[in-house]
Amino acid sequence: MGHSSRDHIVDAANHSKVSRTAGWISAVVLMDGPVAGTWTHQAAKGTLLVTVEPFQRLTAKTVAEVRLRAEAVAETLGLARAEAKIA
């Protein structure tokens with residue numbers, strides 16, 4: 001995302017949600033290439049809680065992939081399970 005224009009990967013309206021203050025880059029959800037939303041996570045009581053803030057309606061395939069990736073991250077972190085919430 002070092003291009004002078006990032007419009008090919010994230011809509012201009014969502015730039016500030018992805019590339020935030022002081023160089024902070026949000027974790028993103030990709031859907032067929034471009035950024036379709038951001039996600040955050042936290043661990044609580046052996047569960048990885050993933051919250052996705054979509055920029056558009058996510059396809060069923062993308063939602064299923066988010067859930068699979070959340071489970072993989074939970075396993076990597078040694079957590080028993082994962083929950084994915086699409087806001």
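What is the volume of the largest pocket? It is about 340 Å³. The structure is a predicted model.

**The pocket**

The lining of the largest pocket is made up of 15 residues. Those nearest the pocket centre are Val29, Leu30, Glu65, Val66 and Arg69. Two elements, β1 and α2 (60–76), each give two or more residues to this lining. The biggest contribution is from α2, with seven residues. The table sorts the lining of the largest pocket by class.

| Class in the lining of the largest pocket | Number of residues |
|---|---|
| Nonpolar | nine residues |
| Polar | two residues |

**The hairpin**

Now turn to β1, which spans residues 27–30. Strand β2 covers residues 35–44. The two strands run antiparallel, and four bridges join them. In one of these pairings, Ala27 has Trp39 of β2 as its bridge partner. Together β1 and β2 form a hairpin, with four residues between them. Asp32 sits in the turn and has a positive phi of about 55 degrees.

**The core**

How many residues are in the largest nonpolar core? There are 13. Leu48, Val50, Val52, Leu58 and Val66 touch the most other members. Both β3 (47–54) and α2 give two or more residues to this core. The largest share is four residues, and it comes from α2.

**Val66**

Val66 belongs to the largest nonpolar core. Val66 is also among the residues nearest the centre of the largest pocket. Leaving aside residues up to four places away in sequence, Val66 touches Val29, Val52 and Ala84. Of these, Val29 is another residue nearest the pocket centre, and Val52 is another member of the core.

Note on methods. Residues numbered from 1 in each chain as written. Predicted model: local features only at pLDDT ≥ 70, side-chain atom pairs only at ≥ 80, totals over all residues. Heavy atoms only, no water. Pairing = 2+ DSSP bridges. 1 Å grid on protein atoms, 1.4 Å probe; cavity = no way out; pocket = protein on both sides within 12 Å on 5 of 7 lines; lining within 4 Å. Points joined across faces, edges and corners; volume = space filled by probe spheres on them. Nonpolar A, V, L, I, M, F, W, Y, C, P; charged D, E, K, R; others polar. Core = buried A, V, L, I, M, F, W, Y, C linked by side-chain atoms within 4.5 Å. Buried < 20%, exposed > 50% of the residue type's maximum accessible area, 1.4 Å probe, protein only. Contact = heavy atoms within 4.5 Å.
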